[in-house]
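Reader: I am new to this structure and would like a close look at a single part. Please keep it brisk, and give me the cut-offs as you go.

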Amino acid sequence: MHSPITKYVPWALSALLLAAGVLRADDKKLDPETQARVDRFEKGPASIDVSAYPAPIKANYEVFREKCALCHKLSRPINSDYALPDEWSRYVKRMMFKPGSNISTGAGKKIYTFLVYDSAVRKKAMVDEKLAKLAADVRAAEEAKIKEILADPGKK
Ligand code: HEC
């Protein structure tokens, strides 16, 4: 005789497989240009050495690792061309709006803070290059956002 729990296991499994299939299908519909870009991003490492980062940023890294590898490899954001606060704000929000992403506003803020901090340290050359191309007022606003996080990485 089947217990009620074992009766539901196959249903739960098919629901999971279906969900995984839907998520994969979402990524498969990418236009060729986007596909080429994300393939390029995913070629790099899938983790970051955060051993020298401050404790709150290390904690945020764990949120990033948990939330941002659900639909694609973590190497996609890690090796992306995005580095400025406005870029991270835009892409974190874009990912939060994807069906099934399950990222709360609080988690989104932590991931944003992590990505801005990490870019300022690990992608410093890219950040400087991007800042140099901005109009003075936009540059000042971006620099202020970076400075705030570097000065107080634990601030919400
Ligand atoms: C629900 C599925 C899902 C989750 C969760 C998710 N992504 Fe994505 N991500 C996608 C899809 C689909 C794409 C394909 C391009 C697009 O739609 O922007 C993508 C693309 C990307 C890109 C490349 C965008 C481009 O066009 O160059 C980056 C960077 C990225 N994701 C970062 C993240 C980060 C950071 C997180 C965690 C906050 C995250 N993703 C979580 C589905 C997801």
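Leaving aside its neighbours within four places in sequence, which residues is Trp-88 in contact with?

Author: This is a predicted model, in which local features need pLDDT of at least 70, side-chain atom pairs count only at pLDDT 80 or more, and totals for chains, interfaces and linings use all residues. Residues are numbered from 1 along each chain as its sequence is written.

Trp-88 is in contact with Tyr-82, Tyr-112, Leu-115 and Val-116, once neighbours within four places in sequence are left aside. Two residues are in contact if their C-beta atoms, placed from the backbone, lie within 7 Å. Trp-88 and Tyr-112 are 24 residues apart in sequence. In space their C-alpha atoms are 6.1 Å apart. Trp-88 sits in helix 5. Helices (H or I, at least four residues) and strands (E, at least two) are DSSP runs, numbered from the N terminus. Trp-88 is buried, because 22 other C-beta atoms lie within 10 Å. The cut-offs are these: a residue is buried if 20 or more other C-beta atoms lie within 10 Å of its own, exposed if 12 or fewer, and partly exposed in between, with C-beta atoms placed from the backbone.

Now the setting. The protein has 8 helices and 0 strands. Along the sequence the pattern reads α-α-α-α-α-α-α-α. Of the 156 residues in the protein, 19% are buried. Take the contacts between residues at least 6 apart in sequence: 76% of them join residues at least 24 apart.

Stay with helix 5 for the ligand. Helix 5 gives the largest share of the shell around the ligand, 4 residues. Helix 1 (4–28), helix 2 (32–42), helix 4 (75–78) and helix 5 (85–96) each supply at least two residues of that shell. In total, 25 residues surround the ligand. The closest are Cys-68, Cys-71, Pro-77, Met-95 and Ser-101. A residue is counted here if its C-beta atom, placed from the backbone, lies within 6 Å of the molecule. By class, the shell holds 13 nonpolar, 5 polar and 7 charged residues. Ala, Val, Leu, Ile, Met, Phe, Trp, Tyr, Cys and Pro count as nonpolar, Asp, Glu, Lys and Arg as charged, and the others, Gly among them, as polar. Domain 1 (1–30) and domain 2 (41–151) each give the shell at least three residues. Those bounds come from an automatic or database domain assignment.

Next, the loop between helix 5 and helix 6. Asn-102 lies there. Asn-102 has a positive phi of about 55°, although it is not a glycine. Asn-102 is exposed, with 10 other C-beta atoms within 10 Å.

Then comes helix 6. Ala-107 is in this helix. With 19 C-beta neighbours inside 10 Å, Ala-107 counts as partly exposed. Ala-107 touches Val-63 and Lys-67, not counting residues up to four places away in sequence. Ala-107 and Val-63 are 44 residues apart in sequence, yet 6.7 Å apart in space, C-alpha to C-alpha. Lys-110 is also in helix 6. Lys-110 is buried, because 23 other C-beta atoms lie within 10 Å. Beyond four places in sequence, Lys-110 is in contact with Asn-60 and Val-63. From Lys-110 to Glu-62 the gap is 48 residues in sequence and 9.7 Å from C-alpha to C-alpha.

Helix 6 also meets helix 8. Two packed helices are described by the angle between their axes and the distance between the axes. The axes of helix 6 (residues 105–122) and helix 8 (residues 136–151) come within 10 Å and cross at roughly 95°. Helix 6 and helix 8 are therefore roughly perpendicular to each other. Helix 6 brings Thr-113, Val-116, Tyr-117 and Ala-120 to the contact, and helix 8 brings Lys-145, Ile-146, Ile-149 and Leu-150. Those residues divide into 6 nonpolar, 1 polar and 1 charged. Axes are lines fitted to C-alpha atoms, for helices over the stretch in contact, and angles run from 0 to 180 degrees between N-to-C directions. Angles under 35 degrees count as roughly parallel, over 145 as roughly antiparallel, 65 to 115 as roughly perpendicular and the rest as oblique.

With 14 C-beta neighbours inside 10 Å, Glu-148 is partly exposed. Glu-148 and Tyr-117 are 31 residues apart in sequence and 9.8 Å apart in space, C-alpha to C-alpha.
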